[in-house]
Amino acid sequence: MNNCIIYGGGGFIGSHLCEELLKRNYNVTIFDKINFAKDNIKNFKDKIKVIEGDFNNEYDLLSSLDGIDYVYHLVSSTLPASSNDNPVYDVESNLISTLRLLQDVVKRKIKKVIFVSSGGTVYGIPKAIPIPEDHSRQPICSYGITKKTIEDYLYMFSYLYNLDYTVFRLANPYGERQNPLYAQGVIPVFLKKILLKEEIVIWGDGSVRRDYIYIKDAIMPLVNSLEHKSEYKVFNLGSGEGYSVNELLEMIKKVTNMDAKVKYVAGRKLDVPVSVLDISLLKKEMNYAPKIEIEKGIEITYNYLKEVLL
Ligand SMILES: NC(=O)c1ccc[n+]([C@@H]2O[C@H](COP(=O)([O-])OP(=O)(O)OC[C@H]3O[C@@H](n4cnc5c(N)ncnc54)[C@H](O)[C@@H]3O)[C@@H](O)[C@H]2O)c1
């Protein structure tokens, strides 16, 4: 049987994952909030089962695992910045609810759990670039602490109860369907501002470097990991290349052939100065090979946003 459920499947990453799983003939159920962005699934909604509910409500979760073989956990109620505004809410809504799910997963002998963690926050301020998976983990935002703790519980459940799992420490995915109104996702946010001739605000001097990965490249290992057997449970997932915010802006101006109004404001303490992931383990173990170069990815995202916004 090949029945998958994606918690948070109506979101940016979840909807792309869903499409790829369908292409590979998996049966897909998504679990998402009642008011999730239905447009994300409009092209394939007839091919999937949709459960609308609240991940934090144990009664909504109750029967969602019936008949399921594989679980993807992509729900997050916070972003790195918002998580620090209310760490109690962050822990309650992400960690406690995940533990409830994992206990049920163990009881039902689910074949595998795939968890999307955060390559940009679990390590904290990196001591080495690119960052390998065995780098120390010392997050400087609650979001990163919650992700790290979920990783640790997955290890505990696997050690104690033989739960099989894979963690992906994802860098900065971008592409179609990423919401340009969120604070996460600098590429669609900048593109939207350029398109609508709004001012772009950059925290700090624009030297912060990040690892950006086009969404369709990012979801391949998520799918491949379902049936992949490995002694390794934790993988970095990014492009392995780093670009500063200023470099990114220049690329965006070149691709769009438009100028930008830019305002630099004080940097945020929670932003690590650099985060570029070492992706050699994923390349070796799963033949991972991202295909889309950043300028091409920006162009695809730009063309998509032009259609949606104009
Ligand atoms: N986008 C990124 O830059 C990035 C980077 C690293 C890790 N991640 C992680 O990947 C996962 C997916 O991210 P995304 O970018 O697709 O985000 P997204 O916001 O587009 O998708 C998350 C989905 O979860 C749903 N959700 C949130 N709270 C819920 C609840 N209480 N009950 C039911 N559904 C709920 C939302 O409605 C949404 O559809 C998250 O766990 C995120 O932390 C994202």
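Which residues of the largest nonpolar core touch the most other members? Let's find out with a tour of this predicted model, in which local features need pLDDT of at least 70 and side-chain atom pairs count only at pLDDT 80 or more, while totals for chains, interfaces and linings use all residues. When you select, remember that residues are numbered from 1 along each chain as its sequence is written.

**Stop 1: the core**

Select Ile6, Tyr7, Leu17, Tyr72, Val113 and Phe115: of the 67 residues in this core, they touch the most other members. Both domain 1 and domain 2 contribute at least three residues each to this core. A nonpolar core is a set of buried Ala, Val, Leu, Ile, Met, Phe, Trp, Tyr and Cys residues joined through C-beta atoms within 7 Å. Buried means that 20 or more other C-beta atoms, placed from the backbone, lie within 10 Å of the residue's own. In soluble globular proteins, nonpolar side chains tend to be buried together.

Now centre on leucine 17. Beyond its neighbours within four places in sequence, leucine 17 is in contact (C-beta atoms, placed from the backbone, within 7 Å) with Ile6, Tyr72, Ile219, Leu222 and Val223.

**Stop 2: the two domains**

Colour domain 1 (3-172 + 213-237) and domain 2 (176-211 + 240-309) separately; such bounds come from an automatic or database domain assignment. Their centres, taken over C-alpha atoms, are 23 Å apart. Where they meet, 35 residues of domain 1 and 27 residues of domain 2 take part in the contact. On the domain 1 side, helix H7 (215-224) gives the most, with five residues. Helices (H or I, at least four residues) and strands (E, at least two) are DSSP runs, numbered from the N terminus.

**Stop 3: the ligand**

Next, select the ligand and the 23 residues that surround it, the closest being Gly8, Gly11, Ile13, Phe55 and Ser76. To count as near, a residue has its C-beta atom, placed from the backbone, within 6 Å. Helix H1 gives the most to this shell, with three residues.

**Stop 4: helix H6**

Finally, select residues 186-195. Why is H6 largely enclosed by the rest of the structure? Because seven of its 10 residues are buried. Show Ile187, Pro188, Val189, Phe190, Leu191, Lys192 and Ile194 to see the buried ones. Among the elements they pack against are strand E8 (199-203) and helix H10 (294-309). Just after H6, look at lysine 197, which takes a positive phi of about 55 degrees.

Methods: A residue is buried if 20 or more other C-beta atoms lie within 10 Å of its own, exposed if 12 or fewer, and partly exposed in between; C-beta atoms are placed from the backbone. Two residues are in contact if their C-beta atoms, placed from the backbone, lie within 7 Å.
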